[in-house]
Each structure stands twice: as C-alpha cells, then as structure tokens.
Amino acid sequence: TAGAKIAKEGKKVLVIEQHDRPGGYATTFKRGDFTLEVGLHEMDGPAPGDMKTKIFNDLGVSGNVRFVRVPDFYRFLNDRQEVTIPHDPASAAQLLSRLFPVDAGGIKAYFDQILKPSGEVFKTGSQDSSIGDFLDSIIQDEDLKLILLGNLGYFHDDPYTLSLAYYTISQGSYYRGGATFIKGGSQQLSDYLAGFIKEKGGEVRLNHL
C-alpha cells in the first residue's frame with residue numbers, strides 16, 4: 001500500500017519480496033483442490049470515515065477489488081455455550097443480555113466503551129488499564145467474559161496485558177463499520193497493489209532477499 005501510494009505520487013518504487021507472491025499475510029495459497037486464506041477471515045470495514053476507504057479510493061482499489069459483506073462477527077463455542085455474535089452492536093448486546101440477564105448492565109457498559117469515538121478513548125485514562133481488568137470490573141459470568149473476548153486472537157493473546165484503549169479502537173472498528181471478505185481472497189488486493197506499482201513505472205521483485 002505504501003509503495004502504491006508513493007508510486008502514484010511520482011516516485012520510482014522498488015518492492016523486494018522474499019516470498020514467491022506479494023502481500024505478506026494478505027496472500028492465499030493452494031493445497032490440492034483448496035485455496036487457503038492466510039489473512040483473517042474478515043477485515044473491518046471498509047466503512048465511511050474509515051482510513052482504508054480513503055486509501056482504497058485514492059489507489060483505485062474500490063473499483064477493482066470486490067468486498068463481500070460478512071453478516072456475523074465470530075462464533076464462540078465451549079462445552080457450556082455456543083453463540084454467534086452479529087456485527088451489529090445493538091443486536092449483539094440484545095442477544096447477550098438475553099443469554100446473561102444478570103450481567104445486562106455490564107454488557108451495556110462494555111458496548112458503551114467499545115463504541116466510543118476514537119478521539120474520546122485516550123481522554124479517559126483507559127490506556128492505563130487492560131481489557132481483562134475492565135471486564136472483571138463490569139462482568140460477573142466467566143463464560144460471558146470469554147464470549148466477549150472470543151476474537152481476542154485478532155489483536156493479542158492475553159487480555160490482562162492488552163491495553164483497553166487499543167482494544168476499544170480495534171474492536172470498535174468491527175462493530176461500528178461491519179466487516180468484509182475480499183472476493184477471491186486477500187491475494188486479490190495484494191496483486192492489485194503490485195500491479196498498480198508496475199503500472200506507475202515501479203518494480204516488484206519476488207523471491208528476493
């Protein structure tokens with residue numbers, strides 16, 4: 001993306017990639033009859049006000065790569081609970097409040113935090129606490145905490161060392177703007193950007209250190 005942007009601005013760009021395809025984690029590969037996605041199963045947005053929307057429009061991505069809306073956020077399953085969390089925050093809060101009525105107040109507090117505008121997040125001192133500590137302070141049911149952290153692996157592996165502010169901004173982007181999957185896999189986006197660089201006179205060298 002950086003290479004495509006500066007190529008568009010008239011700079012001569014050389015991308016050196018040690019893999020046999022561009023994209024890093026934004027790639028796909030084949031095994032037998034299957035095409036496997038290396039990236040996440042969904043990306044947040046793109047939505048109005050999303051930085052990606054501005055970048056994609058600037059680089060012509062939006063007209064050349066198709067984004068398919070993902071209806072559900074994630075599915076949580078253990079030996080006691082099975083819950084599919086929708087992307088819409090009001091629907092998610094309603095579903096969880098029905099399943100955990102004792103924690104309805106905590107669920108509201110969670111979504112109030114997650115849906116804060118990014119500019120407000122760092123004004124409250126929330127960067128000094130973790131998402132784990134925050135959930136412990138508002139939620140009683142341990143399964144509900146696990147469900148709310150069902151996609152923790154997107155960001156980190158320990159809720160007690162993950163900044164609440166960082167989690168709020170990241171998780172909030174999924175709830176506020178929904179999510180999409182790139183049709184054909186994330187390789188489509190990487191290939192488009194590599195092609196864009198070449199069209200602007202740049203070079204992409206694969207299999208290079």
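Biologist: Leaving aside its neighbours within four places in sequence, which residues is Leu148 in contact with?

Modeller: This is a predicted model, in which local features need pLDDT of at least 70 and side-chain atom pairs count only at pLDDT 80 or more, while totals for chains, interfaces and linings use all residues. Residues are numbered from 1 along each chain as its sequence is written; side-chain values use heavy atoms, without hydrogens and water. With contact meaning heavy atoms within 4.5 Å, the partners of Leu148 are Tyr74, Leu96, Tyr110, Leu135, Ile139, Tyr167 and Gln171.

Biologist: Is Leu148 buried or exposed?

Modeller: Leu148 is found in helix 7 (residues 142-148). Buried means under 20% relative accessible area, exposed over 50% and partly exposed in between, with a 1.4 Å probe and protein chains only. Leu148 has 1% relative accessibility and therefore counts as buried.

Biologist: How is helix 4 oriented relative to helix 8?

Modeller: The axes of helix 4 (residues 104-114) and helix 8 (residues 164-177), lines fitted to C-alpha atoms over the stretch in contact, come within 8 Å and cross at roughly 90°. Angles run from 0 to 180 degrees between N-to-C directions, and those of 65 to 115 degrees count as roughly perpendicular. Helix 4 and helix 8 are therefore roughly perpendicular.

Biologist: Which residues of helix 8 make the contact with helix 4?

Modeller: Helix 4 contributes Tyr110, Phe111, Gln113 and Ile114. From helix 8 come Leu164, Tyr167, Thr168, Gln171, Gly172, Tyr175 and Arg176.

Biologist: How many helices and strands does the chain have?

Modeller: Helices (H or I, at least four residues) and strands (E, at least two) are DSSP runs, numbered from the N terminus. By this count, the chain has 9 helices and 9 strands.

Notes:
Parallel < 35°, antiparallel > 145°, perpendicular 65-115°, else oblique.
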